Amino acid sequence: MAKDQKLMEKIVSLCKRRGFVFPGSEIYGGIAGIYDLGPLGVELANNIKREWWRKIVQERDDVVGLDSSILMNPSVWHASGHTESFADPLVECKNCHSRFREDILPKSKNCPTCGKNDWTEPRMFNLMFKTHIGPVEDQASETYLRPETAQGIFVNFSNILDTMRVKLPFGIAQIGKGFRNEIITGNFLFRVREFEMMELEYFTFPSQAEKDFEYWQKERMDWYLSLGLKKENLRFREHEDTERAHYAVRSVDIEYNWPFMDWGELEGIANRADYDLKSHSKGSGKDLSYFDEETKEKITPYVVEPSVGVGRIVLALLIDGYNEDKERTVLKLHPFLAPYKVAVFPLLANKPDLVKKARSIYEDLKTKISGLVAWDDRGNIGKRYYSQDEIGTPWCITVDFQTLEDDTVTIRDRDTTKQTRVKVEKILSNLT
Ligand code: GAP
């Protein structure tokens, strides 16, 4: 039973009602584990990605970006070990024939559908989606939708070395879609079959990998705190030997205190050692080593990898920011993440002077603010405030009769509901 099923129901409903997240292919009855981001969801996701890219790539001297393709030569997946090992243990209930992942069954081991405890032997089920390249559907044309973006980075390792004058330690970062044919999807955006990933492969000296692993844990935790996630809802958890992915020698998750389960993975940080570069050197026959100018030796770098799904961050922010009091629902999103940065209202929609002035402020802000500006002239002002609170708009500007006299507006703060009167020319400097 979920810890706080009601909260999740409210969030799913808010997401649908206000245009954050829609079920995929909804008019055809949906498709399991697939969601579409609506107009507000895409803004929130883009803001998260922009912050990640700024922090991981643009503010650093030692990380470069990449955008590799989703479809790759199938040899990539054989060499990387994914065709053999990227699999989960599948069991089937002998009573009701529901299928589940054996490793995430409830502690009782009873079937979540019928309650019986009578399972088939587990068999490993590969999570990669198969597809074909070209018109002939035979084994030779078979390939996969990537289940992680990381392999696109490893196969471009030499291209980056040759073109970017990078020196160890350095990272390659990318954001892109990943696909996994999960046995069981659920908990809204938490476990889906198509999702966007933000991955950094940080190449380093083997002797330095452990230190860099510790460094990236702290960096990543600090980043989540900078997004405004509550400290008490975040923690680290080291993986047991038995649960690590086939490529990792060490893994630590940043976990979030989800309402639908006990703590669970938000982001994974892995020490992949030299597994991938060595596997692709062997698979492709190309030398993927690094020449160390200082020691004049060739080495195969180790890789530290922080990796996260954008949808999990969206979900954590919605859960963390969701607040209800007697009168209103407030989504406390950090201003740099909120879909709308600010909303502009004329006090009354039937007063042309107010509308004209409000419209000119709205048009002006759109050119000066990075992000969306909302316009609302429906209903009463209180309802407009509540409507913006629910989608996390940090500030609402109201143009009233006093504006026409002294060129001032009120700015209302989402979290405190306090209103301050400021000169129109000072609006921007007050939105912080
Ligand atoms: N390249 C490393 C890697 O793929 P992972 O732990 O399997 O590692 C990375 O996945 C992140 O992707 C997870 O921490 C999680 O945020 C997200 N993720 C993984 N599977 C997901 C799924 N089925 N639905 C949504 N997000 C998922």
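Of the 432 residues in the chain, 50% are buried, where buried stands for under 20% relative accessible area, exposed for over 50% and partly exposed for what lies in between, with a 1.4 Å probe and protein chains only. This is a predicted model, in which local features need pLDDT of at least 70 and side-chain atom pairs count only at pLDDT 80 or more, while totals for chains, interfaces and linings use all residues. Residues are numbered from 1 along each chain as its sequence is written, and side-chain values use heavy atoms, leaving out hydrogens and water.

Let us take the overall fold next. The chain holds 13 helices and 23 strands, both read as DSSP runs numbered from the N terminus (H or I over at least four residues for helices, E over at least two for strands). Along the principal axes, the C-alpha atoms fill a box of roughly 75 × 65 × 50 Å. Contacts, meaning heavy atoms within 4.5 Å, tell us about sequence separation: among those between residues at least 6 apart in sequence, 65% join residues at least 24 apart.

The chain carries 61 positive and 68 negative charges, whose mean positions are 5 Å apart. Here Lys and Arg count as positive and Asp and Glu as negative, without His or the chain ends, and each charge is placed at NZ of Lys, CZ of Arg, CG of Asp or CD of Glu.

Rings of Phe, Tyr and Trp (its six-membered ring) pair if their centres lie within 6.5 Å, and planes under 30 degrees apart count as stacked, over 60 as edge-to-face and the rest as tilted. By this rule there are 16 aromatic pairs. In one of them, the ring centres of Y215 and W216 are 5.2 Å apart and the planes stand at 85 degrees, so this pair is edge-to-face. Y215 is partly exposed at 34% relative accessible area, whereas W216 is buried at 1%. W223 and Y224 also make an edge-to-face pair, with 5.2 Å centre to centre and 70 degrees between the planes. In that pair W223 is buried at 3%, and Y224 is buried at 0%. Elsewhere, F154, F157, F170 and F203 form one aromatic cluster.

Finally, look for charges over rings, which requires NZ of Lys or CZ of Arg within 6 Å of the ring centre and within 35 degrees of the ring normal. R272 lies over the face of Y247 at 3.5 Å from the ring centre, and R312 lies over the face of F190 at 3.8 Å.
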